[in-house]
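Subject: Handover of a structure and the findings on it

Dear colleague,

Please find below the sequence and structure that I am handing over to you. My findings follow directly after them.

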Amino acid sequence: MIILPIGPESEPEHTAAPVSRPAPLQSTLRVLVYGFSPAERELIQGIVSLSQRRPLRLELTRSEAADSADVILIDGADKKVMAWAAKTPMLAGKTVVQVDGPDTLAGVTHLQRPVQWPKLPSLLMHAVDPNSSLLSTRQALASTF
């Protein structure tokens with residue numbers, strides 16, 4: 001049996017210097033969300049909260065700040081949202097991700113339900129930039145062994 005001392009005298013006299021690690025590359029993706037059920041909105045907000053400690057952070061924007069959004073996430077099954085999206089010039093030049101819906105808007109990324117909400121950050125980043133270095137945390141294999 002090993003007994004470890006407990007208390008202030010248990011601290012070692014020689015503490016190693018903390019190892020400094022390089023700060024991870026961090027990027028923020030601003031997302032504007034239109035439509036979705038209250039349950040889906042809670043899931044989206046939860047994913048945004050969880051992303052705060054990740055290399056790719058999500059940030060929800062309000063419709064008043066729509067110009068600053070990097071991605072617009074719309075519910076294609078909501079007829080009001082789709083009617084709005086069809087006549088809104090704001091979507092031109094923006095990355096738009098449409099979830100479901102019978103008609104897909106031209107030039108948007110289309111996802112089908114059920115959406116794997118935990119993968120939302122990578123899904124959105126892929127829509128913005130399919131070649132992004134933030135999509136995978138895996139290291140490339142060396143070309144020679």
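Among the contacts in the protein chain with a separation of 6 or more, 62% are made by residues 24 or more positions apart. Please keep in mind that this is a predicted model. The protein chain has 145 residues, of which 32% count as buried. Its accessible surface comes to about 10,700 Å², and 56% of that surface belongs to carbon and sulfur atoms.

The sheet

The protein chain contains three helices and five strands. Read from the N terminus on, the elements follow the pattern β-α-β-β-α-β-β-α. The five strands form an open sheet with parallel pairing, in the order S2-S1-S3-S4-S5. S2 and S5 (109-111) stand at the edges with a single partner strand each, so one side of each has no neighbour in the sheet. On average, neighbouring strands of this sheet are turned by 25 degrees against each other, direction ignored.

Strand S1 (residues 27-34) and strand S2 (residues 56-60) run parallel and are joined by five bridges. Serine 27, which has its place in strand S1, stands opposite leucine 56 in S2. Serine 27 also illustrates how the fold brings separate parts of the sequence together: arginine 57 is 30 residues away in sequence, yet the two C-alpha atoms are 6.1 Å apart in space. Is serine 27 buried, exposed or partly exposed? Its relative accessible area is 25%; buried means under 20% and exposed over 50%, so serine 27 counts as partly exposed.

Strands S3 (residues 71-75) and S4 (residues 95-99) also run parallel, joined by five bridges. Within this pair, isoleucine 72 has valine 96 of S4 as its bridge partner, while isoleucine 74 is partnered by glutamine 98 of S4. S4 is in turn joined to S5 by three bridges, and these strands run parallel. There, valine 99 stands opposite leucine 111 in S5.

S4 is mostly covered, with five of its five residues buried. This holds on both faces: Thr95, Val97 and Val99 are buried on one side, and Val96 and Gln98 on the other.

The helices

How are the strands and helices connected? S1, helix H1 (residues 38-50) and S2 make up a right-handed β-α-β unit. The chain also crosses from S3 through H2 to S4, and this β-α-β crossover is right-handed. Helix H3 (residues 120-128) lies across S1, S2, S3, S4 and S5, and runs at about 90 degrees to S2.

In soluble globular proteins, nonpolar side chains tend to be buried together. In this model, the largest nonpolar core has 20 residues, and those with the most contacts inside it are Ile44, Leu58, Leu73, Trp117, Leu120 and Leu124. At least two residues of this core come from each of S1, H1, S2, S3, S4 and H3. H3 gives the most, namely four residues. Tryptophan 117 touches Phe36, Glu40, Leu43, Ile44, Ile47 and Leu73, when residues up to four places away in sequence are not counted. Another core, of 14 residues, lies apart from the largest one, and includes Tyr34, Ala69, Met90 and Val108.

Points of backbone geometry

Most residues other than glycine have a negative phi, and most peptide bonds are trans.

- Phenylalanine 36, in the loop between S1 and H1, has a positive phi near 80 degrees. With a relative accessibility of 9%, phenylalanine 36 counts as buried.
- Aspartate 100, in the loop between S4 and S5, has a positive phi of about 65 degrees although it is not a glycine. Aspartate 100 is buried, at a relative accessible area of 15%.
- Arginine 113 and proline 114 are joined by a cis peptide bond, with omega at about 0 degrees. Proline 114 lies in the loop between S5 and H3.

With kind regards

Terms used:
Residues are numbered from 1 along each chain as its sequence is written. This is a predicted model: local features need pLDDT of at least 70, side-chain atom pairs count only at pLDDT 80 or more; totals for chains, interfaces and linings use all residues. Side-chain values use heavy atoms; hydrogens and water are left out. Two strands pair if DSSP finds at least two bridges between them. A crossover is right-handed if, with the strands pointing away from the viewer, the path from the first strand over the helix to the second runs clockwise. Axes are lines fitted to C-alpha atoms, for helices over the stretch in contact, and angles run from 0 to 180 degrees between N-to-C directions. Contact means heavy atoms within 4.5 Å. A nonpolar core is a set of buried Ala, Val, Leu, Ile, Met, Phe, Trp, Tyr and Cys residues joined through side-chain atoms within 4.5 Å. Buried means under 20% relative accessible area, exposed over 50%, partly exposed in between (1.4 Å probe, protein chains only). Accessible areas come from the Shrake-Rupley method with a 1.4 Å probe; for residues, only the protein chains shown count as cover.
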